[in-house]
Amino acid sequence: MTETKFAEVDHWIARHLLPADPQLEAVLKANQVAGLPAIDVSPLLGSFLALMCRLVHARHVLEVGTLGGYSAIQMARALADGGRLVTLEADPRHAEVARANFARADVTKRVDLRVGKALDLLPGLVDEGHAFDLAFIDADKENNAAYADWAATLVRPGGLVIVDNVVREGRILDEEDQSPQLVGTRSLYAAMRMDRRFEPTVLQTVGVKGWDGIMIARRI
Ligand code: SAH
Ligand code: DHB
Ligand code: MG
């Protein structure tokens, strides 16, 4: 009952606050047609990510976990002039759908989509000398602590690291749940707590994606 209400309120807020966005609707439709899992960020979280990009005047953004490009498009649109978003995706089928969606949303020139496992691709980004203003981590939760560590290297001081899905219906505190995803999420908390390179916090969220949360950390 309450969960239904959270989802309804989320829909209501999106309808009453966000402008209609035929491009993003077409992206979600294309994802559905291609059989991608519907695990994109919610419309309101997408607008939040865009807002964060604008707040840090982002010209260089890193995303780990592209899926169909729904979150990437919203961040790409919010980049400062000449900006570029690097997004990493392990599944070539997802990447193919994302590529078509980037063209559909007219952001191809602002997006650098790389296909491969993020842990294989991240060292190359360090070698290329990137300094990102913001990193959004939203891929395999098992590796979240490792991704945060790479983000500490790749994000400039004053930049932001945002990690999706850090609450998972409260399963983080259910010690009986030792699934790799939950173990990975708990390791992220442990790593962030110790890491003097970050000032982290978490926002719990409810809505169309259930009860979850995002970690937001400033690179010190
Ligand atoms: N950020 C997207 C949703 C990402 S879903 C959006 O909001 O639109 C998570 C994605 O991470 C999936 O497409 C999955 O294939 C990808 N993924 C999983 N493991 C990965 C890995 N090791 N490296 C890169 N991508 C990975
Ligand atoms: C899953 C992954 C996500 O990134 C998300 O936002 C929701 C669900 C999943 O793997 O189930
Ligand atoms: Mg997610």
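This is a predicted model: local features need pLDDT of at least 70, side-chain atom pairs count only at pLDDT 80 or more; totals for chains, interfaces and linings use all residues.
View 1. A polar contact here is a pair of N or O atoms within 3.5 Å. Of the 580 Å² of accessible area that ligand 1 has on its own, the protein covers 89% (Shrake-Rupley method with a 1.4 Å probe).

**View 2. The shell around ligand 1 consists of 22 residues, the closest being Val-41, Ser-71, Glu-89, His-94 and Ala-118.** A residue is counted as near a molecule if one of its heavy atoms lies within 4 Å of it. By class, this shell around ligand 1 holds 10 nonpolar, five polar and seven charged residues; Asp, Glu, Lys and Arg count as charged, Ala, Val, Leu, Ile, Met, Phe, Trp, Tyr, Cys and Pro as nonpolar, and the others, Gly among them, as polar. Ligand 1 sits in the largest pocket, where a pocket is, on a 1 Å grid over the protein atoms alone, an open set of points where a 1.4 Å probe fits, with protein on both sides within 12 Å along at least five of seven lines. To sit there, a molecule must have more than half of its atoms within 2 Å of the grid points.

**View 3. Ligand 2 is surrounded by Ile-39, Asp-138, Lys-141, Asp-164, Asn-165 and Arg-168.** This shell comprises one nonpolar, one polar and four charged residues, and ligand 2 sits in the largest pocket. An oxygen atom of ligand 2 is 2.7 Å from an N or O atom in the side chain of Asp-138, and for the side chain of Asp-164 the corresponding separation is 3.2 Å. A polar side-chain atom of Arg-168 lies 3.4 Å from an oxygen atom of ligand 2. On its own, ligand 2 has 290 Å² of accessible area, of which the protein covers 65%.

**View 4. Asp-21 and Arg-77 meet through their side chains in a salt bridge, at 2.7 Å from N to O.** The pair joins distant parts of the chain, with Asp-21 in the loop between α1 (2–17) and α2 (22–33) and Arg-77 in helix α4, 56 residues apart (helices are DSSP runs of H or I with at least four residues, numbered from the N terminus). Side chains of opposite charge can pair when their charged atoms come close. The count comes to 10 salt bridges, each a side-chain nitrogen of Lys or Arg within 4 Å of a carboxyl oxygen of Asp or Glu.

**Notes.** Residues are numbered from 1 along each chain as its sequence is written, and chains are lettered from A and ligands numbered from 1 in the order in which they are written. Local features need pLDDT of at least 70 and side-chain atom pairs count only at pLDDT 80 or more, whereas totals for chains, interfaces and linings use all residues, and side-chain values use heavy atoms, with hydrogens and water left out.

How values were computed. A polar contact is a pair of N or O atoms within 3.5 Å; within protein, one must be able to donate a hydrogen and the other to accept it, and residues adjacent in sequence count only if both atoms are side-chain atoms. On a 1 Å grid over the protein atoms alone, a cavity is a set of points where a 1.4 Å probe fits but cannot get out, and a pocket is an open set with protein on both sides within 12 Å along at least five of seven lines; lining residues have an atom within 4 Å of a point. Helices (H or I, at least four residues) and strands (E, at least two) are DSSP runs, numbered from the N terminus.
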